[in-house]
Amino acid sequence: MSELKIWGRANSINVQKVLWVCEDLKIPHKRIDAGMEHGVNKTPEYLILNPNGLVPTLDDDGFILWESQAIMRYLVRRIHAPLSDDSLYPLNPTGAARVDQWLDWCNTVAWPAMRPLFWGWIRLKPEERNAAELENSRQLMIKALGLFDEQLKRSPYAAGEQFTLADIPMALIAYRWFNMPIDRPHFENINQWYERVGLRPGFKRYCSSPLT
Ligand SMILES: N[C@@H](CCC(=O)N[C@@H](CS)C(=O)NCC(=O)O)C(=O)O
């Protein structure tokens, strides 16, 4: 397999989802800075690759792909045959659907709940923060985490007995949640799950630096 190219700044949650998969599966890759202070993502050359002007974008020997979770799935499928291991994203329809369900939930419920809190505390200056918006986001996160905690009562990982792609976005969100100066209710099942996902190579590499 030739070296993959991944465009995207290393502190982006969506880029980190892809980098985590590369780390866990030991996929050789080259990351190229793009987005926010690095620019690149609005240039005509980049917009040909990814018309959204967002990161990440993958180039696998000329095959261009955007949308972080599509890239995650592609990487597992792409290397599944040589490794004979589909545990991160099962080949059977029900296993795959369960992973997809939680990945979609992260994109449509958990991250939209978390994003204003993350931006407010980490990316905005104190005078730019909106206290009501921060509190609303914190409450939405408590609701989402309550639902996720209930799931983790039934199984050790988001999609069942094994660690899968579904745990990755949620772990990246949880890392942000646990590293902001906010009040957090106790969720025992999430705490135990967070210890388990903390053992993954991807977590160790991408959930160890201060949030930026
Ligand atoms: N749904 C897209 C969202 C991509 C996205 O919103 N990326 C953000 C970074 S997390 C971005 O490119 N922001 C503009 C920038 O970094 O300049 C995906 O999952 O790839």
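**Salt bridges in the predicted model**

Let me start with Asp60, which is buried, at a relative accessible area of 4%. Buried here means under 20% relative accessible area, exposed means over 50%, and partly exposed is in between, with a 1.4 Å probe and protein chains only.

Some notes on the source. This is a predicted model, where local features need pLDDT of at least 70, side-chain atom pairs count only at pLDDT 80 or more, and totals for chains, interfaces and linings use all residues. Residues are numbered from 1 along each chain as its sequence is written, and side-chain values use heavy atoms, with hydrogens and water left out.

Now the pairs. Side chains of opposite charge can pair when their charged atoms come close. A salt bridge is counted when a side-chain nitrogen of Lys or Arg is within 4 Å of a carboxyl oxygen of Asp or Glu. That rule gives seven salt bridges.

What does Asp60 pair with? Its partner is Arg78, with the closest N and O atoms 2.4 Å apart. Arg78 lies in helix H3 (residues 68-83) and Asp60 in strand E3 (residues 57-60), so this pair ties together parts 18 residues apart in sequence. Helices (H or I, at least four residues) and strands (E, at least two) are DSSP runs, numbered from the N terminus. Arg78 is partly exposed, at 33% relative accessibility.

Next, Lys153 and Glu150 form a salt bridge at 2.9 Å, N to O. Both are in helix H5 (residues 131-154), three residues apart, which puts about one helical turn between them. Lys153 is exposed at 54%, while Glu150 is partly exposed at 36%.

Last, Asp33 and Arg31 form a salt bridge at 2.6 Å, N to O. Asp33 is partly exposed at 34%, and Arg31 is partly exposed at 32%.
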